[in-house]
Amino acid sequence: NRQVRYVRRPVGRLEESSFAIEDAPMPSPAEGEVLVRTLFLSVDPYMRRQMLGTKGYAVPLREGDVMQGRGIAEVVESRHPARRVGEVVFGEIGWRLYAALPGEALRPVDRSVRPLSLHLGLLGAPGLTAWVGLTDHGRPQPGETVVVSAAAGAVGSLVGQIARLRGCRAIGIAGGAEKCAHVVRDLGFDACLDHRAEGLEEALRHAAPGGVQVYFDNVGGAVLDAVLPNLAMGARIALCGMIAHYNATGPIAFRHLQSLLDNCVTLAGFRIGFVAPERRAAAAAELLDWFRAGRLRWRETVSDGLETAPAALVGLFDGANIGKRIVRVAPA
Ligand code: NDP
(Lines give C-alpha, C1' and ligand atoms only; values in the text may rest on other atoms or scores of the structure.)
Protein backbone atom coordinates (compact mmCIF):
# COMPACT_ATOMS: atom_id res chain seq x y z
CA ASN A 1 0.00 0.00 0.00
CA ARG A 2 1.76 3.13 -1.24
CA GLN A 3 1.80 6.06 1.20
CA VAL A 4 3.45 9.41 1.79
CA ARG A 5 5.08 9.97 5.14
CA TYR A 6 5.94 13.31 6.69
CA VAL A 7 9.58 12.80 7.69
CA ARG A 8 11.31 16.17 8.21
CA ARG A 9 10.05 19.34 9.82
CA PRO A 10 10.61 22.23 7.40
CA VAL A 11 12.50 25.32 8.48
CA GLY A 12 11.37 28.23 6.33
CA ARG A 13 10.35 27.22 2.85
CA LEU A 14 8.60 23.85 2.62
CA GLU A 15 10.49 21.42 0.38
CA GLU A 16 9.63 18.00 -1.02
CA SER A 17 12.41 16.56 1.18
CA SER A 18 9.95 16.81 4.10
CA PHE A 19 8.20 13.75 2.62
CA ALA A 20 9.04 10.14 1.81
CA ILE A 21 7.10 7.85 -0.50
CA GLU A 22 7.09 4.22 0.56
CA ASP A 23 5.15 0.95 0.43
CA ALA A 24 3.47 -0.38 3.57
CA PRO A 25 1.45 -3.55 4.19
CA MET A 26 -2.17 -3.46 3.07
CA PRO A 27 -4.36 -2.42 6.03
CA SER A 28 -7.23 -4.59 7.12
CA PRO A 29 -10.29 -3.09 8.81
CA ALA A 30 -11.05 -3.96 12.44
CA GLU A 31 -14.61 -4.21 13.79
CA GLY A 32 -16.29 -0.81 13.26
CA GLU A 33 -13.83 0.17 10.54
CA VAL A 34 -13.99 0.29 6.76
CA LEU A 35 -11.35 -0.14 4.09
CA VAL A 36 -11.39 2.71 1.61
CA ARG A 37 -9.65 3.29 -1.72
CA THR A 38 -8.54 6.89 -2.16
CA LEU A 39 -9.88 8.71 -5.22
CA PHE A 40 -8.97 12.38 -4.68
CA LEU A 41 -6.83 14.21 -2.13
CA SER A 42 -7.16 17.86 -1.19
CA VAL A 43 -3.92 19.86 -0.94
CA ASP A 44 -4.27 22.90 1.33
CA PRO A 45 -2.15 25.70 2.81
CA TYR A 46 -3.06 24.79 6.42
CA MET A 47 -0.96 21.63 6.09
CA ARG A 48 2.18 23.74 6.37
CA ARG A 49 0.91 24.92 9.74
CA GLN A 50 0.27 21.36 10.94
CA MET A 51 3.99 20.75 10.46
CA LEU A 52 4.82 23.17 13.25
CA GLY A 53 3.74 20.25 15.42
CA THR A 54 2.04 22.59 17.86
CA LYS A 55 -1.57 22.65 18.94
CA GLY A 56 -3.78 25.44 17.74
CA TYR A 57 -4.40 24.82 14.07
CA ALA A 58 -5.71 21.47 12.86
CA VAL A 59 -4.24 18.22 14.18
CA PRO A 60 -0.47 18.62 14.62
CA LEU A 61 1.80 16.38 12.54
CA ARG A 62 4.78 14.57 14.03
CA GLU A 63 7.77 13.47 12.00
CA GLY A 64 7.18 9.87 10.93
CA ASP A 65 3.39 10.21 10.62
CA VAL A 66 1.60 9.23 7.45
CA MET A 67 0.75 12.62 5.94
CA GLN A 68 -2.73 13.68 6.97
CA GLY A 69 -5.14 15.10 4.48
CA ARG A 70 -8.77 15.19 3.53
CA GLY A 71 -9.94 13.20 0.59
CA ILE A 72 -12.70 11.45 -1.27
CA ALA A 73 -12.60 7.67 -1.22
CA GLU A 74 -14.66 4.61 -2.11
CA VAL A 75 -15.61 1.99 0.46
CA VAL A 76 -14.22 -1.38 -0.68
CA GLU A 77 -14.81 -3.41 2.51
CA SER A 78 -17.01 -2.57 5.51
CA ARG A 79 -17.11 -3.79 9.09
CA HIS A 80 -19.30 -0.85 10.12
CA PRO A 81 -23.11 -1.22 10.14
CA ALA A 82 -23.81 2.15 8.46
CA ARG A 83 -21.17 2.06 5.68
CA ARG A 84 -21.79 0.11 2.49
CA VAL A 85 -19.35 -1.18 -0.10
CA GLY A 86 -19.40 1.14 -3.11
CA GLU A 87 -20.28 4.27 -1.14
CA VAL A 88 -18.23 7.40 -1.81
CA VAL A 89 -17.14 9.12 1.38
CA PHE A 90 -15.33 12.25 2.55
CA GLY A 91 -12.94 12.31 5.49
CA GLU A 92 -9.40 12.50 6.85
CA ILE A 93 -8.14 9.79 4.52
CA GLY A 94 -4.42 10.57 4.65
CA TRP A 95 -1.95 10.42 1.79
CA ARG A 96 -2.18 6.70 0.91
CA LEU A 97 -3.84 4.48 -1.66
CA TYR A 98 -5.90 2.51 0.87
CA ALA A 99 -6.82 3.26 4.50
CA ALA A 100 -8.67 1.42 7.27
CA LEU A 101 -10.69 4.04 9.14
CA PRO A 102 -13.51 4.16 11.70
CA GLY A 103 -16.83 4.14 9.86
CA GLU A 104 -18.20 7.10 11.83
CA ALA A 105 -15.25 9.30 10.82
CA LEU A 106 -16.41 9.17 7.20
CA ARG A 107 -19.31 11.10 5.67
CA PRO A 108 -21.04 9.80 2.53
CA VAL A 109 -21.19 12.34 -0.30
CA ASP A 110 -23.55 12.82 -3.22
CA ARG A 111 -22.08 10.78 -6.09
CA SER A 112 -24.11 12.67 -8.67
CA VAL A 113 -21.96 15.77 -8.07
CA ARG A 114 -19.24 15.56 -10.73
CA PRO A 115 -16.32 15.68 -10.65
CA LEU A 116 -16.28 14.17 -7.15
CA SER A 117 -13.40 16.52 -6.31
CA LEU A 118 -16.00 19.31 -6.06
CA HIS A 119 -16.66 17.96 -2.55
CA LEU A 120 -13.13 19.06 -1.63
CA GLY A 121 -13.32 22.48 -3.25
CA LEU A 122 -16.47 24.30 -4.27
CA LEU A 123 -18.57 22.29 -1.77
CA GLY A 124 -15.72 21.68 0.68
CA ALA A 125 -13.76 23.89 3.04
CA PRO A 126 -12.66 26.46 0.41
CA GLY A 127 -16.18 27.10 -0.92
CA LEU A 128 -17.79 27.29 2.51
CA THR A 129 -14.97 29.53 3.72
CA ALA A 130 -15.43 31.95 0.83
CA TRP A 131 -19.20 32.15 1.27
CA VAL A 132 -19.30 32.36 5.08
CA GLY A 133 -16.31 34.70 5.37
CA LEU A 134 -17.66 37.15 2.84
CA THR A 135 -21.30 36.97 3.85
CA ASP A 136 -21.00 36.95 7.64
CA HIS A 137 -17.75 38.87 8.20
CA GLY A 138 -17.30 40.99 5.06
CA ARG A 139 -21.04 41.83 5.04
CA PRO A 140 -20.88 43.43 1.58
CA GLN A 141 -23.61 45.84 0.50
CA PRO A 142 -24.51 46.37 -3.17
CA GLY A 143 -22.29 48.99 -4.76
CA GLU A 144 -19.41 48.46 -2.33
CA THR A 145 -15.87 47.60 -3.36
CA VAL A 146 -14.63 44.17 -2.25
CA VAL A 147 -10.93 43.31 -2.50
CA VAL A 148 -9.64 39.75 -2.18
CA SER A 149 -6.07 38.42 -2.18
CA ALA A 150 -4.95 35.08 -3.67
CA ALA A 151 -7.77 35.88 -6.09
CA ALA A 152 -6.95 33.12 -8.58
CA GLY A 153 -6.91 30.45 -5.84
CA ALA A 154 -9.63 28.20 -4.49
CA VAL A 155 -11.09 30.54 -1.85
CA GLY A 156 -10.26 33.84 -3.53
CA SER A 157 -11.71 32.96 -6.93
CA LEU A 158 -15.09 32.36 -5.29
CA VAL A 159 -15.00 35.41 -3.03
CA GLY A 160 -14.80 37.83 -5.97
CA GLN A 161 -17.49 36.02 -7.92
CA ILE A 162 -19.84 35.94 -4.91
CA ALA A 163 -19.17 39.66 -4.35
CA ARG A 164 -20.24 40.32 -7.96
CA LEU A 165 -23.36 38.18 -7.50
CA ARG A 166 -24.20 40.37 -4.49
CA GLY A 167 -23.92 43.53 -6.58
CA CYS A 168 -20.45 44.63 -5.49
CA ARG A 169 -17.36 45.71 -7.38
CA ALA A 170 -14.70 42.97 -7.09
CA ILE A 171 -10.98 43.68 -7.23
CA GLY A 172 -8.58 40.75 -7.04
CA ILE A 173 -4.93 40.66 -6.06
CA ALA A 174 -2.90 37.80 -7.55
CA GLY A 175 0.66 36.88 -8.46
CA GLY A 176 1.61 37.65 -12.06
CA ALA A 177 0.01 39.02 -15.23
CA GLU A 178 -1.29 35.65 -16.40
CA LYS A 179 -3.25 35.02 -13.20
CA CYS A 180 -4.58 38.58 -13.20
CA ALA A 181 -5.81 38.14 -16.78
CA HIS A 182 -7.58 34.91 -15.76
CA VAL A 183 -9.24 36.61 -12.80
CA VAL A 184 -10.71 39.38 -14.96
CA ARG A 185 -11.36 37.52 -18.22
CA ASP A 186 -12.54 34.12 -16.95
CA LEU A 187 -13.85 34.87 -13.46
CA GLY A 188 -15.42 38.26 -14.27
CA PHE A 189 -13.77 40.40 -11.59
CA ASP A 190 -13.78 44.13 -12.35
CA ALA A 191 -10.01 44.40 -11.94
CA CYS A 192 -6.99 42.46 -10.69
CA LEU A 193 -3.67 43.78 -9.39
CA ASP A 194 -0.34 41.94 -9.49
CA HIS A 195 1.22 41.75 -6.02
CA ARG A 196 4.58 40.77 -7.54
CA ALA A 197 4.78 44.09 -9.42
CA GLU A 198 5.98 47.28 -7.70
CA GLY A 199 3.51 49.72 -6.19
CA LEU A 200 0.54 47.61 -5.09
CA GLU A 201 -0.60 50.25 -2.61
CA GLU A 202 -0.73 52.96 -5.31
CA ALA A 203 -2.27 50.62 -7.88
CA LEU A 204 -5.09 49.87 -5.44
CA ARG A 205 -5.59 53.59 -4.78
CA HIS A 206 -6.18 54.05 -8.52
CA ALA A 207 -8.41 51.00 -8.82
CA ALA A 208 -10.54 51.93 -5.77
CA PRO A 209 -10.52 55.73 -5.55
CA GLY A 210 -13.46 55.71 -3.13
CA GLY A 211 -11.70 53.27 -0.79
CA VAL A 212 -12.20 49.59 -0.03
CA GLN A 213 -15.26 48.65 2.03
CA VAL A 214 -14.47 44.92 2.35
CA TYR A 215 -11.09 43.22 2.32
CA PHE A 216 -11.09 39.41 2.30
CA ASP A 217 -7.54 38.51 3.27
CA ASN A 218 -5.99 35.17 2.31
CA VAL A 219 -2.39 36.31 2.49
CA GLY A 220 -1.43 38.76 5.28
CA GLY A 221 2.12 40.20 5.06
CA ALA A 222 3.00 42.87 2.52
CA VAL A 223 -0.28 42.51 0.65
CA LEU A 224 -2.34 43.25 3.76
CA ASP A 225 -0.04 46.18 4.52
CA ALA A 226 -0.69 47.60 1.03
CA VAL A 227 -4.46 47.29 1.46
CA LEU A 228 -4.62 48.88 4.93
CA PRO A 229 -4.10 52.52 3.83
CA ASN A 230 -6.77 52.03 1.15
CA LEU A 231 -9.56 51.05 3.52
CA ALA A 232 -12.71 53.18 3.59
CA MET A 233 -14.28 54.46 6.80
CA GLY A 234 -16.15 51.60 8.46
CA ALA A 235 -14.45 48.92 6.37
CA ARG A 236 -14.59 45.23 7.29
CA ILE A 237 -11.68 42.79 7.00
CA ALA A 238 -12.53 39.09 6.86
CA LEU A 239 -9.23 37.56 7.96
CA CYS A 240 -9.27 34.14 6.36
CA GLY A 241 -5.63 33.20 5.89
CA MET A 242 -2.08 34.52 6.14
CA ILE A 243 -0.19 32.30 3.72
CA ALA A 244 2.68 34.81 3.44
CA HIS A 245 3.46 33.99 7.08
CA TYR A 246 3.34 30.19 6.96
CA ASN A 247 6.92 29.72 5.66
CA ALA A 248 8.32 32.76 7.47
CA THR A 249 11.15 32.29 9.96
CA GLY A 250 11.08 35.78 11.47
CA PRO A 251 8.53 38.47 12.38
CA ILE A 252 6.66 40.30 9.63
CA ALA A 253 6.33 44.06 10.08
CA PHE A 254 3.28 46.18 9.27
CA ARG A 255 3.54 49.92 8.56
CA HIS A 256 -0.12 50.78 8.27
CA LEU A 257 -1.90 49.11 11.20
CA GLN A 258 -3.05 52.49 12.44
CA SER A 259 -5.47 52.59 9.50
CA LEU A 260 -7.60 50.09 11.46
CA LEU A 261 -8.09 52.68 14.17
CA ASP A 262 -8.37 55.74 11.93
CA ASN A 263 -11.05 54.18 9.74
CA CYS A 264 -13.02 52.42 12.49
CA VAL A 265 -12.34 49.09 10.79
CA THR A 266 -13.78 45.78 11.99
CA LEU A 267 -11.30 42.95 11.65
CA ALA A 268 -12.71 39.46 12.12
CA GLY A 269 -10.65 36.31 12.01
CA PHE A 270 -12.68 33.17 11.40
CA ARG A 271 -12.15 29.45 10.85
CA ILE A 272 -14.59 27.37 8.87
CA GLY A 273 -14.29 24.45 11.28
CA PHE A 274 -15.87 26.59 14.00
CA VAL A 275 -18.78 27.85 11.91
CA ALA A 276 -22.29 26.68 12.81
CA PRO A 277 -23.56 23.73 10.73
CA GLU A 278 -26.60 25.77 9.56
CA ARG A 279 -24.36 28.42 8.00
CA ARG A 280 -22.22 25.80 6.32
CA ALA A 281 -25.33 24.12 4.92
CA ALA A 282 -26.66 27.46 3.65
CA ALA A 283 -23.32 28.10 1.96
CA ALA A 284 -23.18 24.69 0.28
CA ALA A 285 -26.77 24.98 -0.98
CA GLU A 286 -26.33 28.42 -2.55
CA LEU A 287 -22.93 27.56 -4.05
CA LEU A 288 -24.35 24.44 -5.70
CA ASP A 289 -27.35 26.37 -7.04
CA TRP A 290 -25.15 29.07 -8.53
CA PHE A 291 -22.77 26.50 -9.99
CA ARG A 292 -25.56 24.46 -11.59
CA ALA A 293 -27.08 27.65 -13.00
CA GLY A 294 -23.74 28.48 -14.61
CA ARG A 295 -23.26 31.59 -12.47
CA LEU A 296 -20.00 30.49 -10.80
CA ARG A 297 -16.81 29.49 -12.60
CA TRP A 298 -14.67 26.88 -10.88
CA ARG A 299 -11.15 25.78 -11.81
CA GLU A 300 -8.98 22.99 -10.44
CA THR A 301 -5.29 22.28 -10.92
CA VAL A 302 -5.21 18.46 -10.90
CA SER A 303 -2.18 16.18 -10.99
CA ASP A 304 -2.31 12.41 -11.32
CA GLY A 305 -0.85 9.99 -8.80
CA LEU A 306 -0.24 9.95 -5.06
CA GLU A 307 3.45 10.65 -5.75
CA THR A 308 2.57 14.14 -7.02
CA ALA A 309 1.13 15.25 -3.66
CA PRO A 310 4.34 16.62 -2.06
CA ALA A 311 5.14 18.82 -5.09
CA ALA A 312 1.51 19.94 -5.19
CA LEU A 313 1.70 21.16 -1.61
CA VAL A 314 5.06 22.88 -2.07
CA GLY A 315 3.67 24.57 -5.19
CA LEU A 316 0.90 26.33 -3.25
CA PHE A 317 3.56 28.54 -1.68
CA ASP A 318 5.00 29.41 -5.11
CA GLY A 319 1.60 30.22 -6.57
CA ALA A 320 1.87 27.25 -8.96
CA ASN A 321 -1.89 26.56 -8.79
CA ILE A 322 -4.86 28.19 -10.45
CA GLY A 323 -8.04 27.34 -8.56
CA LYS A 324 -8.25 24.40 -6.18
CA ARG A 325 -5.21 22.11 -5.95
CA ILE A 326 -6.28 18.48 -6.22
CA VAL A 327 -4.42 15.17 -6.54
CA ARG A 328 -6.27 12.45 -8.43
CA VAL A 329 -5.10 9.21 -6.84
CA ALA A 330 -7.31 6.73 -8.71
CA PRO A 331 -9.92 6.99 -11.48
CA ALA A 332 -13.38 7.73 -10.06
P1 NDP B 1 -5.04 28.97 -2.88
O2 NDP B 1 -5.70 28.12 -3.89
O3 NDP B 1 -5.38 30.42 -2.84
O4 NDP B 1 -3.46 28.79 -3.03
C5 NDP B 1 -2.56 29.57 -2.33
C6 NDP B 1 -2.21 30.86 -3.11
O7 NDP B 1 -1.64 31.79 -2.20
C8 NDP B 1 -1.14 30.67 -4.15
O9 NDP B 1 -1.64 30.20 -5.38
C10 NDP B 1 -0.53 32.06 -4.26
O11 NDP B 1 -1.26 32.80 -5.22
C12 NDP B 1 -0.82 32.68 -2.89
N13 NDP B 1 0.43 32.87 -2.14
C14 NDP B 1 1.28 31.92 -1.70
N15 NDP B 1 2.30 32.47 -1.02
C16 NDP B 1 2.10 33.81 -1.04
C17 NDP B 1 2.80 34.93 -0.52
N18 NDP B 1 3.94 34.77 0.18
N19 NDP B 1 2.29 36.17 -0.72
C20 NDP B 1 1.16 36.34 -1.43
N21 NDP B 1 0.44 35.32 -1.94
C22 NDP B 1 0.91 34.08 -1.75
O23 NDP B 1 -5.28 28.36 -1.43
P24 NDP B 1 -6.69 28.26 -0.67
O25 NDP B 1 -7.73 28.94 -1.45
O26 NDP B 1 -6.88 26.86 -0.27
O27 NDP B 1 -6.40 29.09 0.68
C28 NDP B 1 -6.28 30.50 0.64
C29 NDP B 1 -6.07 31.02 2.05
O30 NDP B 1 -7.22 30.74 2.84
C31 NDP B 1 -4.88 30.39 2.79
O32 NDP B 1 -4.24 31.39 3.55
C33 NDP B 1 -5.54 29.39 3.71
O34 NDP B 1 -4.77 29.13 4.84
C35 NDP B 1 -6.84 30.09 4.03
N36 NDP B 1 -7.95 29.23 4.44
C37 NDP B 1 -8.58 29.54 5.62
C38 NDP B 1 -9.66 28.83 6.05
C39 NDP B 1 -10.36 29.27 7.28
O40 NDP B 1 -11.21 28.54 7.79
N41 NDP B 1 -10.06 30.43 7.81
C42 NDP B 1 -10.16 27.67 5.29
C43 NDP B 1 -9.48 27.46 4.00
C44 NDP B 1 -8.40 28.22 3.63
P45 NDP B 1 -0.57 33.99 -6.11
O46 NDP B 1 0.15 33.30 -7.23
O47 NDP B 1 -1.73 34.79 -6.52
O48 NDP B 1 0.38 34.71 -5.20
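**Exercise 1. Explain why the ligand of this predicted model lies between domain 1 and domain 2.**

*Solution.* First, take the division of the chain: domain 1 covers 2-121 + 299-328 and domain 2 covers 125-273, with bounds from an automatic or database domain assignment. Next, inspect the shell around the ligand: both domains give residues to this shell, so the ligand lies between them. The model is predicted, so local features need pLDDT of at least 70 and side-chain atom pairs count only at pLDDT 80 or more, whereas totals for chains, interfaces and linings use all residues. Residues are numbered from 1 along each chain as its sequence is written.

**Exercise 2. Describe the shell around the ligand.**

*Solution.* Then sort by class: 19 are nonpolar, 10 polar and 3 charged. Finally, helices H2 (125-138), H3 (154-165), H6 (221-227) and H7 (243-246) each supply at least two shell residues; helices here are DSSP runs (H or I, at least four residues) numbered from the N terminus.

**Exercise 3. Characterise how domain 1 and domain 2 meet.**

*Solution.* Start with the centres, taken over C-alpha atoms: 29 Å separate them. Proceed to the contacts (C-beta atoms, placed from the backbone, within 7 Å): 15 residues of domain 1 touch 14 residues of domain 2. To conclude, classify the domain 1 side, which has 5 nonpolar, 5 polar and 5 charged residues.

Key: Two residues are in contact if their C-beta atoms, placed from the backbone, lie within 7 Å. Ala, Val, Leu, Ile, Met, Phe, Trp, Tyr, Cys and Pro count as nonpolar, Asp, Glu, Lys and Arg as charged, and the others, Gly among them, as polar. A residue is near a molecule or strand if its C-beta atom, placed from the backbone, lies within 6 Å of it.
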